[in-house]
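Please look over the structure shown here. A short report on it comes after.

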Amino acid sequence: MLIELQKCACFGVAGNFTGHLEQAGEDKDFTKVKTAEANAPKAVFPTYMPHIGPHTPEFLGVFPFDDYSIIFPKGEQKLQIEPECAIVFDVEWQGEEVKALKPLVFGASNDCSIRKQGATKISQKKNWGPASKGFATNHIKIDSFAPGGILDRYRIASFLVRDGKAYPYGEDSAVKDYSYFYGKLNEWLIDKLNHQQDEGPAENINLYLNEALRPQRIMVSVGATRYTPFGQENFLQIGDLALVVLYPSDVYTKEDIIHRAQVDNLEEDDISVLRQEIIVKGEPV
């Protein structure tokens with residue numbers, strides 16, 4: 001299935017893996033955000049809009065996804081991989097509101113983030129221009145977005161490759177272990193896309209979507225895993241390689257994936273892998 005990402009509105013979900021926000025030092029940003037349940041995600045945040053209007057931040061009109069590289073932002077230091085499962089949905093509209101979301105495909109995503117003080121909105125840490133994020137080109141079709149479907153089999157792994165060695169960066173985690181997933185995530189997303197307010201670090205997503213001419217597809221990175229001790233303590237550097245891997249655990253073990261990451265042998269039809277080199281602007285990949 002051809003996914004024209006430049007025509008999709010793209011989003012991330014904040015706080016959908018218990019402990020990630022605390023590790024990232026961002027939990028304090030959400031102290032005033034009220035959620036229906038203690039483990040509920042905190043907000044949906046935009047990373048890209050295919051069209052922007054007068055109320056949509058201009059930077060969200062810059063396409064930030066690149067399959068091969070992350071351009072290190074000038075003047076920043078604390079850059080981290082955010083290893084995630086991303087899902088592409090068809091959108092059914094009813095007037096100005098999203099009526100339904102139909103999951104189509106999933107793939108590995110790096111919702112790369114800058115850890116910096118003073119950003120008033122989540123999106124300000126996410127899209128700093130071209131090649132600031134990534135979504136794997138090997139999309140895998142979703143048979144059923146419910147327990148028992150293909151996503152039950154998949155796990156998320158991530159690695160930082162530095163000086164020829166692959167270091168596990170995020171905890172190897174089952175996709176189904178997101179706090180909100182399947183039908184619960186679908187319902188939560190529809191509510192946030194329609195009713196989330198411009199409060200604290202959150203933004204009015206429905207306004208942006210309508211200014212984007214109500215796109216027929218959206219891509220959502222549904223949350224970053226917790227970091228390993230190495231991932232929490234080590235920020236990206238020029239020359240590093242960022243790997244995010246979604247793999248079926250009934251076919252490959254964790255040890256298989258670690259070995260394959262080390263020898264750069266992850267290209268398989270049933271594995272979605274995103275491989276990005278950290279570069280400076282203007283440097284050839």
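## Basis of the model

This is a predicted model, in which local features need pLDDT of at least 70 and side-chain atom pairs count only at pLDDT 80 or more, while totals for chains, interfaces and linings use all residues. Residues are numbered from 1 along each chain as its sequence is written, and side-chain values use heavy atoms, with hydrogens and water left out.

## Overall build

The protein has 5 helices and 14 strands. Its radius of gyration is 17 Å, close to the 19 Å that the globule rule gives for 285 residues, so the protein is as compact as a globular protein of that length. The radius is taken over C-alpha atoms, and the globule rule is 2.2 Å times the number of residues to the power 0.38. Helices (H or I, at least four residues) and strands (E, at least two) are DSSP runs, numbered from the N terminus. Along the principal axes, the C-alpha atoms fill a box of roughly 50 × 45 × 35 Å.

Of the 285 residues, 56% count as buried. Buried means under 20% relative accessible area, exposed means over 50%, and partly exposed lies in between (1.4 Å probe, protein chains only).

## Surface and charge

The protein exposes about 12,600 Å², and carbon and sulfur atoms supply 48% of that area. Accessible areas come from the Shrake-Rupley method with a 1.4 Å probe; for residues, only the protein chains shown count as cover.

There are 30 positive and 41 negative side chains. Lys and Arg count as positive and Asp and Glu as negative, while His and the chain ends are not counted. The centres of the two sets lie 3 Å apart. Each charge is placed at NZ of Lys, CZ of Arg, CG of Asp or CD of Glu.

## Helix α5

Helix α5 covers residues 254-262, and its buried residues are Ile257, Arg260 and Ala261. Seen down the axis of α5, they fall within an arc of 100°, so they line one face of the helix. The arc is that of the directions from the helix axis to the C-beta atoms. What covers these buried residues includes the strands β10 (154-162), β11 (165-174) and β13 (241-248).

The face of α5 turned away from the buried side carries the exposed residues Glu255 and His259. Just after the helix, Asp264 takes a positive phi of about 55°.

## Positive phi elsewhere

Most residues other than glycine have a negative phi. Asp163 has a positive phi, near 55°. Asp163 sits in the loop between β10 and β11. With 81% relative accessibility, Asp163 is exposed.

Tyr182 also has a positive phi of about 55°, although it is not a glycine. Tyr182 belongs to helix α2. Its relative accessible area is 8%, so Tyr182 is buried.

## Loop residues

Pro73 lies in the loop between β3 (69-71) and β4 (79-80). Its relative accessible area is 8%, so Pro73 is buried. Beyond its neighbours within four places in sequence, Pro73 is in contact with Leu79, Ile114 and Trp128. Pro73 and Ile279 are 206 residues apart in sequence, with their C-alpha atoms 9.5 Å apart in space.

Gln196 is in the loop between α2 (182-195) and α3 (205-211). At 6% relative accessibility, Gln196 is buried. Leaving aside neighbours within four places, its contacts include Ala43, Val44 and Asp191. The C-alpha atoms of Gln196 and Gly183 are 13 residues apart along the chain and separated by 19 Å.

Glu96 is placed in the loop between β5 (83-94) and β6 (97-110). Not counting residues up to four places away in sequence, Glu96 touches Asn206, Asn210 and Arg214. Glu96 and Asn194 are 98 residues apart along the chain, and 8.4 Å separates their C-alpha atoms.

## Strand β1

Ala9 is found in strand β1 (residues 9-14). Its relative accessible area is 0%, so Ala9 is buried. Among the residues that Ala9 touches, not counting those up to four places away, are Tyr48, Met49, Pro50 and Leu209. The C-alpha atoms of Ala9 and Ala212 are separated by 7.9 Å, although the two are 203 residues apart along the chain.

Technical notes:
Contact means heavy atoms within 4.5 Å.
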